[in-house]
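Please look over the sequence and the model before reading on.

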Amino acid sequence: MSTEISDALVVPSKQAHTGKGLGTGNPADAFVIEPPRKRTAKTPRRTRTNFEMLAWLFMRLSGVVLTALILGHLIIMLVLDGGVSKIGFAFVAGRWASPFWQGWDLLMLWLAMLHGANGMRQVINDYAEKDSTRLWLKGLMGTATVFTVLLGTLVIFTFDPNI
């Protein structure tokens, strides 16, 4: 390949987002991987934490733990305890009388909500183009997550079977 052709294939960062490709006539050229961004004088040398790496790690670890918790939950509830027909108010009251099952369900609730919220945060970052839109969507998602986690935790710990 000559240097003329290879130089023509170098794409500035903004051209890759146009969807028009490199102008070579090949439709596959529309899918260009941008080069990594370079540090500028305004870029801090070192940030305090690497949040994205920790969020990535949380997704992997919580996914593994959630898989075990959910499969255990399904096997216990559907196979060992007699199936869906036995689940009722008395069943839940008996189950949540044990701190073990309260902890199991609480861990499942917290991990599922935080795992889902982190995934939604990534979707918002990928698809919301304006910073203000991104801010509002993340704020609404965070509020809904906190509300659901707090309400679920309250229900698990204050459940009274004598109602």
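## Aromatic pairs

The model is predicted. With ring centres required to lie within 6.5 Å, the count comes to 5 aromatic pairs. One of them joins Trp 96 and Phe 159, whose ring centres are 5.3 Å apart and whose planes stand at 85 degrees. That angle makes the pair edge-to-face, because planes over 60 degrees apart are classed that way. Trp 96 belongs to the loop between helix H3 (89-95) and helix H4 (99-127), while Phe 159 belongs to the segment after helix H5 (131-158), so this contact ties together parts that are 63 residues apart in sequence. Trp 96 counts as buried, at 17% relative accessibility. Phe 159, at 25%, counts as partly exposed.

Another pair is formed by Phe 100 and Trp 104, with 5.8 Å from centre to centre and 55 degrees between the planes, and is described as tilted. These two residues are 4 residues apart in helix H4, a separation of about one helical turn. Trp 104 is buried, with a relative accessibility of 17%. Ring pairs also link Phe 89, Trp 96 and Phe 159 into a cluster.

## Arg 95 and its neighbours

Arg 95 takes part in two kinds of contact. Its charged end sits over the ring of Trp 101, at 4.0 Å from the ring centre. The side chain of Arg 95 also meets that of Asp 105 in a salt bridge, at 3.3 Å from N to O.

## Other salt bridges

How many salt bridges does the structure hold? There are 3 salt bridges, including the one between Arg 95 and Asp 105. Side chains of opposite charge can pair when their charged atoms come close.

Glu 52 and Arg 121 form a salt bridge with an N to O distance of 3.0 Å. Glu 52 is in helix H2 and Arg 121 in helix H4, so the pair ties together parts that are 69 residues apart in sequence. Glu 52 is partly exposed, with a relative accessible area of 39%, whereas Arg 121 is buried at 11% relative accessibility.

Asp 131 and Arg 134 form a salt bridge as well, at 2.7 Å from N to O. Both residues lie in helix H5, where they are 3 residues apart, about one turn of the helix. Asp 131 is exposed, with a relative accessible area of 58%.

## Annotated spans and a surface patch

An unreviewed UniProt entry lists residues 54-80, 100-118 and 139-159 under "transmembrane region". In the model, residues 100-118 are 100% helix and 0% strand, and their end C-alpha atoms lie 27 Å apart. For residues 139-159 the end C-alpha atoms are 30 Å apart, and the span is 95% helix and 0% strand.

A nonpolar patch on the surface is made up of Ile 70, Leu 71, Leu 74, Ile 75, Leu 78, Val 79, Leu 80, Val 84 and Ile 87. Together these residues have about 820 Å² of accessible area. Among them is Val 79, which is placed in helix H2 (residues 51-80). Val 79 is exposed, with a relative accessible area of 59%.

Technical notes:
Residues numbered from 1 in each chain as written. Predicted model: local features only at pLDDT ≥ 70, side-chain atom pairs only at ≥ 80, totals over all residues. Heavy atoms only, no water. Phe/Tyr/Trp six-rings, centres within 6.5 Å; stacked < 30°, edge-to-face > 60°. Buried < 20%, exposed > 50% of the residue type's maximum accessible area, 1.4 Å probe, protein only. Lys NZ or Arg CZ within 6 Å of the ring centre and 35° of its normal. UniProt positions renumbered as here; feature names shortened; annotations may be inferred. Patch = residues over 30% accessible without salt bridge, like charges linked within 9 Å, V, L, I, M, F, W, Y side chains within 5 Å. Areas by Shrake-Rupley, 256 points an atom, 1.4 Å probe, with all protein chains shown as cover. Salt bridge = Lys/Arg side-chain N within 4 Å of Asp/Glu carboxyl O.
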